[in-house]
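Sequence and structure come before the text.

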Amino acid sequence: MALRLYNTLSGQVEEFAPLEGNRVRIYTCGPTVYDYGHIGNYRTFVFQDVLRRYLRYRGYEVVQVMNVTDVDDKTIRNAKAAGMPLRAYTDQFIQAFKIDRELLNLEPVEHFVRATDHIDDMVQMIQTLEAKGFAYRSEGSVYFRVRAFPDYGKLSKINLAGNRPGGSERVDADEYEKADARDFVLWKAAREGEDFWESPLGPGRPGWHIECSAMSMKYLGVPFDVHSGGTDLIFPHHENEIAQSEAATGKPFARFWLHAEHLIVNGQKMSKSLGNFYTLRDLIGRGYRPTAVRYLLASVPHRKPLNFTFEGLLQAQRSLERLRNFRSRLTMEIFPAGHNPVFETRASQARQALEDALDDNLNTAEALAALFDLVHDGNAAMDRGEFREGERAEVLDVLERWDRIFAMLDDADHAKLLRFGLAAPAGPQGAGEDGGGVLVAALSDEEIEQRIAARNSARARRDFARADQIREELARAGVILEDTKAGTRWKRK
Ligand SMILES: [Zn+2]
């Protein structure tokens, strides 16, 4: 079967093939480095990683570009507040992002590029747009004239009356300087006290959208195969990228537009502005393993919203342990020679089911289900003494194939956390490796408060055995209680 992917541009699932030979060219909108990334952002990056790994699994060569937005209102504002030069301020979060990528087993992309290293490319593109009549100057800034590009809205299917589906946290200010409310800024005039670059357009800095157009074209040419990001980027960011790129070159920009749905917490999108986010470091600090985070983020197909809960994360950790245990059993146990005719075709079926699932718009949930069916049957056959040496290599091969795409069977979490100085300190309750997959059984603040309330009500009805039991459970989860006159206080070890 051929790989089929849902293309936001056509609104349909389409068969995928690279535009040129065997090489797949991918552009990915990367992070704005004004702070640590949260795992809502990382869902998109895990999806893209599974995509590129699967493309390579299918024999394609992948060239992927990811940008880093290291100049915008937020980076400038935060650098100023920290009293640091912009470059040094953003450097630290780029470094943190690289560490997070490594912790999540995200393969290095071929071109990881910073916006501020490509100012000249952006200026040149804006000059081209000006020369072709797609841009105009106002108050020292340069704007894109949406009216001049009749195809505007073809990605987001926006109606041109100005309805803005999706919206974005990064809408440019200075509305009054524009000829038309839909026009967007290509080059922002320098403002007092803000970073700027001298250029033929005047002193200023690039708008956000032009970055991605200039950098994708520079490294990939046009049209390229895949442009991807989170759904919140469809409008206006990706719509604007298409407009300015196609206006400048007169050619189609990208063939497939792939978007990952949001990570949801209590029914709301996980985001910085809502304050309901967790960074990878937050989760590590609570004792969760990075590969479990990867598992959770990869387990739901990218076009479905993923509801984040700590219970889900614990389950991801357990599922991963189950896979790892199956692999060690398969590697270490001694099986009788020969073949089991019932089990003989099981591995090839599982392999087929795995590939069919991923061909189906990267249905990772189905791919996992296919693997767990095999694990279930394999464990059962071993328990009954019916597993034979003849099937060992083939079943291991399916696991290995699955892991070429999902990349989480090897347990390097602890070694990496130590290397990056992020390992949880080993406490008396065993905050270190415990073989069970949980560094510390992590509880959210809310869960801890609930248990304390349950303990208080047990004490009120003089059920001291139950009250002590809850205290011990909390201690095992790394939470220490202190009973004071003002009530019960708690802290994490
Ligand atoms: Zn972008």
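## Zinc site

Donors are N, O and S atoms within 2.8 Å of the metal (3.2 Å for Na, K and Ca); water is not among the atoms, so sites may look incomplete. Four donors count as tetrahedral if all angles lie between 85 and 135 degrees; four count as square planar and six as octahedral if opposite donors are over 155 degrees apart and all others between 65 and 115; anything else is irregular. The model is predicted: local features need pLDDT of at least 70 and side-chain atom pairs pLDDT 80 or more, while totals for chains, interfaces and linings use all residues. Residues are numbered from 1 along each chain as its sequence is written, and side-chain values use heavy atoms, without hydrogens and water.

The zinc ion has the protein donors C29 (SG), C212 (SG), H237 (NE2) and E241 (OE), at 2.0 to 2.6 Å. Angles among the four donor atoms run from 73 to 131 degrees, and the site is irregular. Along the chain the donor spacing is C-x182-C-x24-H-x3-E. C29 sits in the loop between β3 (23–28) and α1 (39–57) and C212 in helix α5 (residues 208–220), so the pair ties together parts 183 residues apart in sequence. Helices (H or I, at least four residues) and strands (E, at least two) are DSSP runs, numbered from the N terminus. Both C29 and C212 are buried (under 20% relative accessible area, 1.4 Å probe, protein chains only; exposed is over 50%, partly exposed in between).

## E391

E391 belongs to helix α12 (residues 389–406). The side chain of E391 makes a polar contact with that of H339 at 2.7 Å (N or O atoms within 3.5 Å, one able to donate a hydrogen and the other to accept it; residues adjacent in sequence count only if both atoms are side-chain atoms). A polar atom of the E391 side chain also lies 3.0 Å from the backbone nitrogen of N340.
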